[in-house]
Amino acid sequence: MYQMICVLMATIAYGSAAGHCQATAVTFQSSTYSDFRQLLTREPTSGTVYGPANLEFPEQAKDRYPAVVVVHTLGGYRGANEGYAAAELRKSGLATLNL
């Protein structure tokens with residue numbers, strides 16, 4: 001978890017330093033468990049999965065942006081739900097990382 005937060009902060013800092021951009025594709029490495037018992041007993045993970053994400057910035061160009069992580073629901077990422085929320089956050093001047 002700590003590594004993912006560090007990668008997120010570095011990605012946001014890089015995007016802000018690189019100037020105004022539309023969107024940046026980011027891939028996160030995560031672990032997968034075969035069942036909930038394995039997670040509770042802290043057994044080693046069953047494997048590794050990679051999840052895509054998009055880092056998007058507001059239209060107003062600035063040196064720095066506050067950022068929000070938009071995580072999908074159990075139904076997966078949907079433009080009508082999470083996409084709409086991310087767009088509204090960007091209109092308010094926030095960068096969004098859409099998972």
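Predicted model: local features only at pLDDT ≥ 70, side-chain atom pairs only at ≥ 80, totals over all residues.
In which sense do strand E3 and E4 pair, and over how many bridges? The two strands run in the parallel sense, and four bridges join E3 (residues 67-70) to E4. One of the contacts is between Ala67 and its bridge partner in E4, Ala95.

Let us step back and look at the whole chain. Its secondary structure amounts to three helices and four strands, and along the sequence they follow the pattern α-β-α-β-β-α-β. Of the 99 residues in the protein chain, 25% are buried.

**The interior**

Ala95 also belongs to the largest nonpolar core, a set of eight residues whose other members are Val26, Phe28, Ala53, Leu55, Phe57, Tyr65 and Leu97. Two or more residues of this core come from each of E1, strand E2 (47-56) and strand E4 (95-98).

**Charged pairs**

The model has four salt bridges.

| Salt bridge | N to O distance |
|---|---|
| Glu43 and Arg37 | 2.4 Å |
| Glu88 and Lys91 | 3.2 Å |
| Arg90 and Glu56 | 3.5 Å |

Arg90 and Glu56 form a salt bridge that links distant parts of the chain, with Arg90 in helix H3 and Glu56 in strand E2, 34 residues apart. Both of these residues are buried. Glu88 and Lys91, by contrast, both sit in helix H3, three residues apart, or about one turn of the helix. Glu88 has 30% relative accessibility, so it counts as partly exposed, while Lys91, at 61%, is exposed.

Arg37 and Glu43 are part of a network of salt bridges that also includes Asp35. Glu43 is partly exposed because its relative accessibility is 32%, and Arg37 is partly exposed as well, at 45%.

The C-alpha atom of Ser34 is 7.8 Å from that of Thr45, a residue 11 positions away along the chain.

Tyr33 also takes part in a nonpolar patch on the surface, together with Phe36, Leu39 and Leu40. The patch has about 420 Å² of accessible area in all.

Notes. Residues numbered from 1 in each chain as written. Heavy atoms only, no water. Patch = residues over 30% accessible without salt bridge, like charges linked within 9 Å, V, L, I, M, F, W, Y side chains within 5 Å. Areas by Shrake-Rupley, 256 points an atom, 1.4 Å probe, with all protein chains shown as cover. Salt bridge = Lys/Arg side-chain N within 4 Å of Asp/Glu carboxyl O. Core = buried A, V, L, I, M, F, W, Y, C linked by side-chain atoms within 4.5 Å. Buried < 20%, exposed > 50% of the residue type's maximum accessible area, 1.4 Å probe, protein only. Pairing = 2+ DSSP bridges.
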